[in-house]
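Have the sequence and the model side by side. We will take this structure one piece at a time.

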Amino acid sequence: MVDRLFIEPRLAELYDTLCAGRPDFAFYLPLVMEAGSVLDVGCGTGELLIAARDAGHTGRLTGLDPADAMLGVARRRAGVEWVRGDLSTVSRRGEFDLIVMTGHAFQVLVEDDELRAALAAVRAALADGGRFVFETRNPLARDWERWTGSSEITDASGTPVRVDVEVKQVTAERVTFTQTYTSPGWAGPEVSWSTLRFLGVAELAAFLAEAGLEVEAQYGDWNREPLTEAAPEIITFAVG
């Protein structure tokens, strides 16, 4: 199931504001610019691909996302192929030089079977010599222990929106949490439930190898520092 954050239009409109200043785009954008054909899995509002087109990318840019509300925002911009669906629906073979999953989208693959299916689809969709680049939070850094809290943003009209995050359950590799959005102009709060999977380095490598993907490089943060136990991210470059 897709989280309410992504399927409720009112919340989708807030997404880019919620994620303003995210450091992963500065990391991924040069990779996109160097590739002739790019598939962004879980593209959301399409901000990365739109930035690439604005920066002069002349090749094929395809954004894939299962959430109508997020794609509704993305489709306001022409020049990119926007596709509703997920990797289980991808039937393209050898079409992309680069496939990316940003914004920790990889972590929504919480079950073994959906993870295997997704990686198999990635492997099939990569062109010869293509790369799959994505990130997942390092479970050893226990980032979820710092998630519970409140913040405030403003919507496009300048109305404040309060965001409360609460971690509900931590079991093995999975973390379940809520994001509750409230605003003076709304009839009531909007609550979005999410569950993410935190795979360790060895477990991740095993799933990739099973799909025929080889780890080319891994980094621990967006400055390409080495991957250590204390690193916040597991940023992976994989090739078929």
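What follows covers a helix, a loop residue and the cysteines.

This is a predicted model. Begin with helix α7, which runs over residues 112–125. The helix has 14 residues. From first C-alpha to last, α7 reaches 20 Å, close to the 20 Å expected at 1.5 Å a residue.

Which residues of α7 are buried? They are L115, A118, L119, A121, V122 and A125. Look down the axis of α7: its buried residues fall within an arc of 155°, so they line one face of the helix. These buried residues have several packing partners. Two strands, β4 (96–101) and β5 (126–137), pack against them. So do strand β9 (190–197) and helix α8 (201–210).

Now go to E8. This residue sits in the loop between α1 (4–7) and α2 (9–12). Is E8 buried or exposed? Its relative accessibility is 17%, and E8 therefore counts as buried, because the cut-off for buried is under 20%. Set aside the neighbours within four places in sequence, and E8 is in contact with A69 and E190.

Last, the cysteines. A disulfide is a covalent bond between the sulfur atoms of two cysteines. How many disulfides are there in this model? The count comes to zero. A disulfide needs the two sulfur atoms within 2.5 Å. C43 also counts as buried, with 8% relative accessibility.

Definitions and conventions. Residues are numbered from 1 along each chain as its sequence is written. This is a predicted model: local features need pLDDT of at least 70, side-chain atom pairs count only at pLDDT 80 or more; totals for chains, interfaces and linings use all residues. Side-chain values use heavy atoms; hydrogens and water are left out. Buried means under 20% relative accessible area, exposed over 50%, partly exposed in between (1.4 Å probe, protein chains only). Helices (H or I, at least four residues) and strands (E, at least two) are DSSP runs, numbered from the N terminus. Contact means heavy atoms within 4.5 Å. The expected span of a helix is 1.5 Å times one less than its number of residues. The arc is that of the directions from the helix axis to the C-beta atoms.
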